[in-house]
Amino acid sequence: MEIEEQWRNFEPEDDMLDDLFGKVKVSRLQSHGVLSKLRKNILSSTILSLVATAYLFWATFYFAIWQVQVMLAVVDVFCIWILVISVRLYKGIDPQIDPSLSLLEQLKNTRAAMQHYMDVQQKVSIFIYPLSIAAGFLIGGVVGSGKPIEAFIGEKVVIISLVVAIVVLTPVNYFFARWLFKLFFGKQLQQLDKLIKELEE
Amino acid sequence: MDEQRFMAYIRENQGLLNKLIGLYANDPEEKKDLYQEVLYQSWHGRQSYRNEAKFSTWLYRVCLNTILTHKRKQKIVTYTDDVEPLAPAIQHQALATEDSKRLYQAIRRLAESDRAIISLHLDGYDNGEIGTIVGISTGNVAVKIHRIKDQLTKLLKH
């Protein structure tokens, strides 16, 4: 028997789809695709950023120490910048499959959207981590030591510790974020790369 | 297209969904995920379906684009069905079914992109249509189909 005929003869029976028809309304289904996951990640991190920004704004006015206020004001501006970027990124990712695209185009689009998400996160992190570390260090130091800011930052060891904290923690956070991305999406990126390569061979 | 009509179209093409999803899913959980994702994507993308085209062709594209961009486990599950002894009258039919099952399992062992190309070919799409759906040249489709068929012949001999 020809394989075309064998293929036509094969009708796998599967109750799963019938079960689904009975249980769920198709209009209420949620997507579990990678692009939907990225959008959900962006949405949750945007909400967190919003809460953090609100807290920082409050802290900016609460700590009546001008050096801290200047530092926090800079962080506030960056937080707003990050919020704008996050909203743009969220809107830019379309979780819908486009049937007018070929399979290869769809694979490349999904790959590009994932890479773009990672690139934006990394670029943002390079700016925000040093500022966050510095602000956290100064607030924590002043509140913890109970000293005025002038006295606190007047000590040489504090300045050295601040520089060390920024130099060490910025790359640590940066690579931790990369590692997390690879942990969650690395296998799928490899899968997409493999498929794209197979089709282009 | 309202939900009732859409579901009627899906039911008509249930066999296509079963066949394609079965080629890629590695366990029942993954299969359920893929069914849900394909239903979700086809429902939300239904406006792109134009009545002049066959619904099955449109659904084929949605299925392949959805399944292959979806995260899947990297393993192959082989069939472990025990074949019960059958009455002589239906033995011929059973043998044909066994051949078909073996072919299906052989296709499951191919590279993921090859599974898409050969299923399109076996479902009667010509090389030009396959090229458009998959996104490669017609010449490349012909070369790939030739190579995949060789591979299938070897797999079916074992």
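This is a guided tour of a two-chain predicted model, one selection at a time.

Local features here need pLDDT of at least 70, side-chain atom pairs count only at pLDDT 80 or more, and totals for chains, interfaces and linings use all residues. Residues are numbered from 1 along each chain as its sequence is written, while chains are lettered from A and ligands numbered from 1 in the order in which they are written.

**Stop 1: chain B**

Select chain B. Eight helices and zero strands are there. Helices are DSSP runs of H or I with at least four residues, strands are runs of E with at least two, and both are numbered from the N terminus. Along the sequence the pattern reads α-α-α-α-α-α-α-α. Of the 158 residues in chain B, 31% are buried. Buried means that 20 or more other C-beta atoms lie within 10 Å of the residue's own; 12 or fewer means exposed, in between is partly exposed, and the C-beta atoms are placed from the backbone.

**Stop 2: the two domains of chain B**

Colour residues 3-69 as domain 1 and 88-157 as domain 2. These bounds come from an automatic or database domain assignment. The domain centres, taken over C-alpha atoms, are 19 Å apart. Each domain gives seven residues to the contact between them. Contact means that two C-beta atoms, placed from the backbone, lie within 7 Å. On the domain 1 side, H2 and H4 of chain B each supply at least two residues. Nonpolar covers Ala, Val, Leu, Ile, Met, Phe, Trp, Tyr, Cys and Pro; charged covers Asp, Glu, Lys and Arg; the others, Gly among them, are polar.

Now select residues 101-152 of chain B. UniProt, in an unreviewed entry, lists them as "domain: RNA polymerase sigma factor 70 region 4 type". UniProt positions follow the numbering used here, feature names are shortened, and annotations may be inferred rather than shown by experiment. This stretch is 81% helix and 0% strand, and its end C-alpha atoms are 13 Å apart.

**Stop 3: where the chains meet**

Show both chains. The contact takes 50 residues from chain B and 37 residues from chain A. Which helix gives the largest share of the chain B side? H3(B) does, with 11 residues. The chain B side divides into 21 nonpolar, 18 polar and 11 charged residues.

**Stop 4: H3 of chain B**

Select residues 28-44 of chain B, which form H3(B). Its 17 residues should span 24 Å at 1.5 Å a residue, and the end C-alpha atoms are 24 Å apart, which agrees. The expected span is 1.5 Å times one less than the number of residues. Buried residues here include Leu34(B), Tyr35(B), Val38(B) and Gln41(B). The buried residues of H3(B) pack against helix H2 (15-23) of chain A, together with H2 and H4 of chain B.

**Stop 5: H4 of chain A**

Move to residues 66-92 of chain A. These 27 residues should span 39 Å, and the end C-alpha atoms are 39 Å apart, which agrees. Val68(A), Met71(A), Leu72(A), Val75(A) and Cys79(A) are among the buried residues. An α-helix has 3.6 residues a turn, so residues three or four places apart point the same way. The cover over the buried residues of H4(A) includes helices H3 (34-62), H5 (103-145) and H6 (149-154) of chain A.

**Stop 6: Leu162(A)**

Finish on Leu162(A), in helix H7 (156-200) of chain A. Is Leu162(A) buried or partly exposed? Partly exposed, because Leu162(A) has 16 C-beta neighbours inside 10 Å. Beyond residues up to four places away in sequence, Leu162(A) touches Ala134(A) and Phe137(A).
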